[in-house]
Amino acid sequence: EQGLTQLRAEGYRGAADFRLRVPTQGDAPHLGLRVGIGALALADGRQFLPRLPSAPALEAWLNAALHDGRNWRALPGQLTSGALVYAGSLRFADGPQSARLLQHYDVDQANLVFEPGWPALDAGSAQVQLVDDALDLHLSHGDLAGLQLGQGTLRGRTTPSGAYQTTAARS
């Protein structure tokens with residue numbers, strides 16, 4: 001079955017659709033799920049960040065980078081739009097390789113602390129893409145230590161040791 005559902009709650013808007021395939025025998029059930037998120041304050045957007053049990057280092061880095069010890073409710077910035085896509089097996093014994101999780105967020109006026117002790121990126125506007133445990137942040141502008149930044153890219157990947165490593169480059 002397939003369906004489109006409009007999601008509304010006080011202060012939130014979104015839409016979701018799904019496709020569920022249940023085979024008659026043998027194969028695992030398969031779910032395709034897309035959730036679109038309308039504009040909202042970044043402080044409220046934390047609840048839309050999924051738990052990432054297959055990528056604990058990424059989840060820890062995101063939590064630290066986004067709020068840097070501040071109260072989540074005090075976060076500046078706006079999530080202008082977002083989408084979450086899950087496609088994969090519903091037989092969890094198949095392991096994480098049997099499913100894909102893709103996320104895309106457009107953010108404006110957000111702050112990000114790359115690493116402890118580094119200056120924070122302030123008032124940044126970016127497209128953020130997460131594919132499983134890989135992060136790509138495409139910055140259109142922001143301020144870093146009082147300097148105006150133009151376009152740049154931040155990539156985050158899990159290392160073989162399980163740590164999360166980020167690299168930044170100018171586009």
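**Briefing: fold, salt bridges, pocket and surface patch**

Of the 171 residues in the chain, 35% are buried (under 20% relative accessible area; exposed is over 50%, partly exposed in between, with a 1.4 Å probe and protein chains only). This is a predicted model, where local features need pLDDT of at least 70 and side-chain atom pairs count only at pLDDT 80 or more, while totals for chains, interfaces and linings use all residues. Residues are numbered from 1 along each chain as its sequence is written, and side-chain values use heavy atoms, with hydrogens and water left out.

**Fold**

- The chain has 2 helices and 11 strands (DSSP runs numbered from the N terminus: helices are H or I with at least four residues, strands are E with at least two).
- Along the sequence the pattern reads β-β-β-β-α-α-β-β-β-β-β-β-β.

**Salt bridges**

- Side chains of opposite charge can pair when their charged atoms come close.
- The structure holds 4 salt bridges (a side-chain nitrogen of Lys or Arg within 4 Å of a carboxyl oxygen of Asp or Glu).
- One of them joins arginine 34 and aspartate 17, with the closest N and O atoms 2.8 Å apart. This pair links distant parts of the chain: arginine 34 is in strand S3 (residues 30-37), aspartate 17 in strand S2 (residues 12-21), 17 residues apart.
- Arginine 34 is partly exposed because its relative accessible area is 48%. Aspartate 17 is buried because its value is 16%.
- Arginine 155 and aspartate 136 also form a salt bridge, at 3.0 Å from N to O. Here the partners sit in strand S10 (arginine 155) and strand S8 (aspartate 136), 19 residues apart.
- Arginine 155 has a relative accessible area of 38%, so this residue is partly exposed. Aspartate 136 has 16% relative accessibility, so this residue counts as buried.
- Aspartate 136 forms a salt bridge with arginine 157 as well, with 3.3 Å between the closest N and O atoms. Arginine 157 lies in strand S10 and aspartate 136 in strand S8, so the pair ties together parts 21 residues apart in sequence.
- Arginine 157 counts as partly exposed because its relative accessibility is 35%.
- Shared partners join Asp136, Arg155 and Arg157 into one salt-bridge network.

**Second largest pocket**

- Rolling a probe the size of a water molecule over the atoms shows where empty space is left.
- The second largest pocket has a volume of about 290 Å³. A pocket is an open set of points on a 1 Å grid over the protein atoms alone, for a 1.4 Å probe, with protein on both sides within 12 Å along at least five of seven lines. Points are joined across faces, edges and corners, and the volume is the space filled by probe spheres set on them.
- The pocket is lined by 18 residues, and the closest to its centre are Leu139, Leu149, Gly152, Ala168 and Ala169 (lining residues have an atom within 4 Å of a point).
- Strands S8 (134-144), S9 (147-149), S10 (152-158) and S11 (164-170) each give two or more residues to the lining. S11 gives the most, with 5 residues.
- The lining divides into 10 nonpolar, 7 polar and 1 charged (Ala, Val, Leu, Ile, Met, Phe, Trp, Tyr, Cys and Pro are nonpolar; Asp, Glu, Lys and Arg charged; the others, Gly among them, polar).

**Nonpolar surface patch**

- Phe18, Leu20, Val22, Leu90 and Phe92 form a nonpolar patch on the surface, with about 480 Å² of accessible area together.
- Patch residues have over 30% relative accessible area and no salt bridge; nonpolar side chains (Val, Leu, Ile, Met, Phe, Trp, Tyr) are joined within 5 Å, like charges within 9 Å. Accessible areas come from the Shrake-Rupley method with a 1.4 Å probe; for residues, only the protein chains shown count as cover.
- Leucine 90 is in the loop between strand S5 (78-89) and strand S6 (99-112). Leucine 90 counts as partly exposed because its relative accessibility is 31%.
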